[in-house]
Amino acid sequence: MKTLIVGVGGVTNGGKSTLSKTLQEMIPNSCIIAQDEFFKDDSMVPVDTNGFKQYDTLDALHMDTMMSKVEAWQRDPETLLRKAHLGQEKTTASSAGDVFVLIIEGFLIFNHSTLNELMDKRYFLEIPYDTCKERRSLRVYQPPDPPGYFDAHVWPMYLKNRQEMERTCTGIVILDGLWSKEELLATVYQDVCQEIKRCKVVAGHTTDSWDKKECCVPGDPFLSRT
């Protein structure tokens, strides 16, 4: 049994969740851990001098809890996979040649050094300021964004966090979030499939005749493009 950890990061409303969920649906033996699930209670999030909650920092997240869940997957990916699919269609029994894939999705996943070091593949979605602000304005958050929050906190923190990421991290593939969902999915999906193939070769559970179809699920729309 081999494991593969894929990181999908990027700016707020850049398409991280949509891409991650679609990848998970298409890649066998895969599940998602989303950073947004680990936000601290609102009362625990610090406030800046302007009265804005500092949500766009690692201190606003229970990163220890998130790391514990990632480490639990590393120890026993099959159990976490079964729990993730509880109540859904029964998953097939695993074999020695299976590759289990964990998709870690979030806006600060590459800024947490310990988490970042665990990843085998890294993708970062970017979109321009105007697009990001418009998309953000169309979403409802709990608690809601106060007036001026995007310009005074969200975008400046994105730029700061990105600069830190670029200074400390390597091997990140930057993706244009203005691409269509299909283009983004095709790019990342095919790349991950190649990595799964490599894992199988290293583990000695495949041959030169292996092709991308082994990675795909029935009805995969990208099979016709190869």
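This is a predicted model: local features need pLDDT of at least 70, side-chain atom pairs count only at pLDDT 80 or more; totals for chains, interfaces and linings use all residues.

User: How far does helix 6 reach from its first C-alpha to its last?

Analyst: Helix 6 covers residues 149-168, which makes 20 residues. At 1.5 Å a residue a span of 28 Å is expected, and the helix comes close to that value, with a reach of 27 Å.

User: Is D64 buried or exposed?

Analyst: D64 is found in helix 2, which runs over residues 63-75. Exposed means over 50% relative accessible area, and because the relative accessibility of D64 is 65%, this residue counts as exposed.

User: How far apart in space are D64 and F38, C-alpha to C-alpha?

Analyst: In sequence, D64 and F38 are 26 residues apart. In space, their C-alpha to C-alpha separation is 9.3 Å.

User: Which residues are the closest to the centre of the largest pocket?

Analyst: The largest pocket has a volume of about 950 Å³, and 43 residues line it. By class, this lining has 17 nonpolar, 13 polar and 13 charged residues, and helix 1 (16-26), helix 5, helix 6 and helix 7 (181-203) each supply at least two residues of it. Of the lining residues, the closest to the pocket centre are T12, N13, D36, R139 and Y141.

Terms used: Residues are numbered from 1 along each chain as its sequence is written. Side-chain values use heavy atoms; hydrogens and water are left out. Helices (H or I, at least four residues) and strands (E, at least two) are DSSP runs, numbered from the N terminus. The expected span of a helix is 1.5 Å times one less than its number of residues. Buried means under 20% relative accessible area, exposed over 50%, partly exposed in between (1.4 Å probe, protein chains only). On a 1 Å grid over the protein atoms alone, a cavity is a set of points where a 1.4 Å probe fits but cannot get out, and a pocket is an open set with protein on both sides within 12 Å along at least five of seven lines; lining residues have an atom within 4 Å of a point. Grid points are joined across faces, edges and corners, and a volume is the space filled by probe spheres set on the points. Ala, Val, Leu, Ile, Met, Phe, Trp, Tyr, Cys and Pro count as nonpolar, Asp, Glu, Lys and Arg as charged, and the others, Gly among them, as polar.
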